[in-house]
Amino acid sequence: MPERPLKGDIQVDVCVVGGGINGLSSAYHLRKIDPTIEVALLEAEVAGFGASGRNAGQLIVAFGHGDFGQQIRHYGAENMGTAWRYVHEGIRMIEALLTEESIDCDYAPTGYLQTSLRVEGEKKLRAYMAFIKKIGQVDYMTYVSGADMASEFDSPYLGAALLDPRGGMFNPLKLMRGIKRAAIQRGARIFENSPVARIERTPRSIILKTGGGSVRCEKLILATNAYTHTLDGLDGIDNVRMQSPLLVHGNVTEPLTPSQWEGVRWPRRCGVNLMSDIFYSFAPTRDGRILYVGGYYANSPPHKALSPEISWRFQAEGHHHLGQFFPALKDVRTVQSWGGPISTTADFIPHVGFASDPRIVYACGCWGHGIPIGTHNGRTLAELTLGLKTQSTETWFVRRKTRLWPGRSLASFVSNKVVSMRQSSSTKIGRKMKPPLNFGYSD
């Protein structure tokens, strides 16, 4: 059940805005580190309403998005290795949370596959292998040949892959609800269906006004990710230009029959992620469904109103693509489809740290690794808020000067241009496939 909305005026030490993974982890860790601190969390909808509760259902180790060589040139191999270890530590935190707080989120530590396409060969996979070797991650990986992949999957498209044993499959909404319960049990006050109408900053305090009341606090954690630009009262501190939303969509199938599982094989029951401009992510669920995301049914909205929406094209065409990748699943029905915004930053890596108003800390930016990094971010934001100096708070991307998006209209244009270029590349690749794979795109 949702927590009750905020009614009346309250005063706390720290207010957290956002009930996704960054916000819930922040509230949890604030009370875990210092049980005497008064913490309130405001969520406009319900915990896990955004990308944190509706995502690809995998815990993976990755950092940012874009060309691997460019990441090395811009940030250095040592820094990228540190960032990947930060995300890996996020998975360890989640695993510890599940045990310590008795959270059942259907977690299966299966690892996941980063898979090439047969038609493209192993060029991108080899580039990825070279990258992870430079940043000190290669010892985790196991190479799976194209022949071995053919024995594991009945698929005309999947080529050689790398198996990463870290992480695995989980139910994101169950995890969000579990962390919410754990934060409440530790003394955090969580108010759902309490959208922030305005933030007012005075020399003595920060006041957050909702439709039913207000929160006065000394410190503020902005854990709003793709919704940050919708907040009123942040003028002059640049956070509205920290990120730009990108709408992505997912489908989940009906439960597969035993004969369908036998036909597709999939012995590891782990996630499969394509390393290609034709991006797809496939994840088995505990109850025998397939949750899949991608195909670049995506767009960056030019407006500020962000309501999760179904992509009718992905809903209608997704099962066709699933059946082409896995012929044994050609008759499997889609039973649920959803959409919503993820947060993209101008340099395509996560942003964490202090706003220009030092009473405010924030986190934004995620590309398929949001749950592990968001869990770790929550602890980092709690430590920053409490004035602690730790290995996490001193991480290079926490203290660095961040790059900002231009104005909203230009940011949306650039985001849509990037998606359009990837879609064009995907179409060309699809035509090379035998049988050809026809991709539909954003509505």
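## Basis of the model

Helices (H or I, at least four residues) and strands (E, at least two) are DSSP runs, numbered from the N terminus. This is a predicted model, in which local features need pLDDT of at least 70 and side-chain atom pairs count only at pLDDT 80 or more, while totals for chains, interfaces and linings use all residues. Residues are numbered from 1 along each chain as its sequence is written, and side-chain values use heavy atoms, with hydrogens and water left out.

## The second largest pocket

The second largest pocket holds about 670 Å³ of space. A pocket is an open set of points on a 1 Å grid over the protein atoms alone, where a 1.4 Å probe fits, with protein on both sides within 12 Å along at least five of seven lines; lining residues have an atom within 4 Å of a point. The volume is the space filled by probe spheres set on the points, which are joined across faces, edges and corners.

The lining has 30 residues, and Gly-53, Asn-171, Pro-172, Leu-173 and Lys-174 are the closest to the centre. Helix H6 (172-185), strand E16 (280-284) and strand E18 (334-344) each give two or more residues; the largest share, five residues, is from H6.

## Packing of H1 and H6

H6 also packs with helix H1 (residues 21-33), at an angle of about 25 degrees and with the axes 8 Å apart. Axes are lines fitted to C-alpha atoms over the stretch in contact, and angles run from 0 to 180 degrees between N-to-C directions. The two helices, H1 and H6, are therefore roughly parallel (angles under 35 degrees).

Technical notes
Parallel < 35°, antiparallel > 145°, perpendicular 65-115°, else oblique.
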